Amino acid sequence: MIYVAVVVAYVVLLLGISFHKSRSVKSSDDFMVAGRNVPVYMLVATLVCTWVGSGSLFASAGLTFRTGISALWFSAGAWMGILVVYLIAGRVRRIAQYTLTDLLEKRYSPVAKLLGTITIIIAYMVIAGYQFKGGGRFISILSEGSISPETGMLIAAGLIIGFTVLAGMVSIVSIDIFNGSIMLVAMTLALPFAVFANGGVAEVWNAIGQAEPQHFSVFGGNDFFWVAGIILPSFLLLLSESSIYQKFSSASSEGGARKAVLGMFFGVILVELLMVAIALVGFGVYADDPRFFLADGSLNRGMAEEIILRIGYEQLPAIIGALLLAAGAAILISTGNTFLIVTSTNVTRDIFQAYFFRDARPRQLIWIQRACIVVIGALAYLFMSQFQTILEMALVSYTMIGASLAPALLAAFFWKRVTRVAGVASIASGMLTVLGIVFVNFMFKGSPQGAQILGVQFPIDMDYIALPAVTVSTLTLIVVSLLTEKPREEDWAGFIET
């Protein structure tokens, strides 16, 4: 009962804060970018909470259960991406657009903005959808199975959509101070309690080593291509993460944006290291538990993704476990909020305001965006049925964003020779490659033989989806740039420091 009480009390607290902040929303700037006046400490908290979502709580944890410490490659891609983002954070804040697609339009063309918007809408609906899926599992565990994961998904979707509708970005950056704090405290306490509840460091270490010695190896028994396939999605997503760029625009200054990125770097590393460590301990505890394996002896990947929540509910003292579950609720709500607000901002500004409501007043734009949040949330809920695991959803959505937008975005800030046509072609080719792979995989899903297309065996493991998509997008960017007329200085001025 204490688990339910703590989680419900925490969610009610966040609802109260969101409702209070909703009264301060007076303009579309308040709703979209929190009035461009967010201090560094709040920006750090919301940036960390943006990244540490179901992709970490479920997907990374499940990958750790499957491959051991080599799952850190999935996280390390984001860490490297944060360092690259640090180099451009000040310039993004100086340009002071609302969204990443505004940057694409400024450097390339309205077509690039439209393609970027479509890419973000598709990918972010998948990301929002797996917050709902994770929330369904979370609620099912919390209710001891009395609420099914399917019903739990509907409840989680309603809560997350409701939070976002209330106050937009103002609400998000306000509650993320609490979310970030509870995440850090809960993970820090959960790890030692989980270890000592199961015999101490030596006992847990031996249990892991006996069950799967390769769980302690850097590559986990996998090859270089697997490592590249795991690193690239998180690395490229971080570089082209529209919600992060939108939050840069919320900063009070260029210097504040850069300081916040450094804070994000250390915060994300600490939280994700703790999560992987807890999941690894969980493998040692549950390596012989039949719930985590299918009838043929293979790993039940869906169950493995629940390992951190299972540790919290089944292995820790009640108060520590309740705190960890409250942190899980914080992770799901914060990330779901962020991806809904960013997707709805893109739809509102890049489609409705650009083509249908050009003279809309600020209050009208807020209500248009709120309606978009509800519709996008409903579509995200429907998207969940197309995937089995959260890791699969994460890899597809990360690659959709990263392969489509990251090459063009990086070139905008670091390569003067990139041309407008090349940027558009790169975005289109990356998006179409990912959609093509997902479609062909779906066609041959469950087929014993599959099919070989252009020398590639389908269905392919989603661990590798980033490799062909990034290759196609990057080569398109380079080749088309070199074959088209050199851009003028005014095309890249403001993006590249001279």
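## Aromatic pairs

Rings of Phe, Tyr and Trp count as a pair if their centres lie within 6.5 Å. By that rule, this predicted model holds eight aromatic pairs.

One of them joins Phe-65 and Phe-283. Phe-65 sits in helix H4 (residues 54-67) and Phe-283 in helix H12 (residues 254-286), so the pair ties together parts that are 218 residues apart in sequence. Both Phe-65 and Phe-283 are buried.

Now take Phe-74 and Tyr-398. Their ring centres lie 5.9 Å apart and their planes are at 5°, so this pair is stacked. Phe-74 belongs to helix H5 and Tyr-398 to helix H17, and 324 residues separate them. Phe-74 is buried because its relative accessible area is 5%, under the 20% cut-off. Tyr-398 is buried too, at 5% relative accessibility.

Rings can also form groups. Ring pairs link Phe-65, Phe-283, Tyr-286 and Phe-292 into a cluster.

## The nonpolar core

Which residues have the most contacts inside the largest nonpolar core? They are Phe-138, Ile-307 and Ile-308. This core has 150 residues. Helix H17 (residues 390-414) supplies the largest share of the core, with 17 residues.

Phe-138 touches Val-7, Leu-309, Leu-325, Gly-328, Ala-329 and Leu-332, leaving aside residues up to four places away in sequence. One of these, Leu-309, is a buried residue of helix H14.

## Helix H14

Is helix H14 mostly covered or mostly uncovered? Helix H14 spans residues 307-314 and is mostly covered, with seven of its eight residues buried. The buried ones are Ile-307, Ile-308, Leu-309, Arg-310, Ile-311, Gly-312 and Tyr-313.

Leu-83 lies in helix H5 (residues 72-95). Leu-83 has 44% relative accessibility. Buried means under 20% and exposed means over 50%, so Leu-83 counts as partly exposed.

Leu-83 and Val-261 are 178 residues apart in sequence. In space, their C-alpha atoms are 8.0 Å apart.

The surface has a nonpolar patch of about 390 Å². Ile-478, Val-479, Leu-482 and Leu-483 make this patch. Leu-483 lies in helix H19 (residues 466-483). Why does Leu-483 count as exposed? Its relative accessible area is 70%, and exposed means over 50%, so Leu-483 is exposed.

Technical notes: Residues numbered from 1 in each chain as written. Predicted model: local features only at pLDDT ≥ 70, side-chain atom pairs only at ≥ 80, totals over all residues. Heavy atoms only, no water. Patch = residues over 30% accessible without salt bridge, like charges linked within 9 Å, V, L, I, M, F, W, Y side chains within 5 Å. Areas by Shrake-Rupley, 256 points an atom, 1.4 Å probe, with all protein chains shown as cover. Salt bridge = Lys/Arg side-chain N within 4 Å of Asp/Glu carboxyl O. Helix = DSSP H or I, 4+ residues; strand = E, 2+ residues; numbered from the N terminus. Buried < 20%, exposed > 50% of the residue type's maximum accessible area, 1.4 Å probe, protein only. Core = buried A, V, L, I, M, F, W, Y, C linked by side-chain atoms within 4.5 Å. Contact = heavy atoms within 4.5 Å. Phe/Tyr/Trp six-rings, centres within 6.5 Å; stacked < 30°, edge-to-face > 60°.
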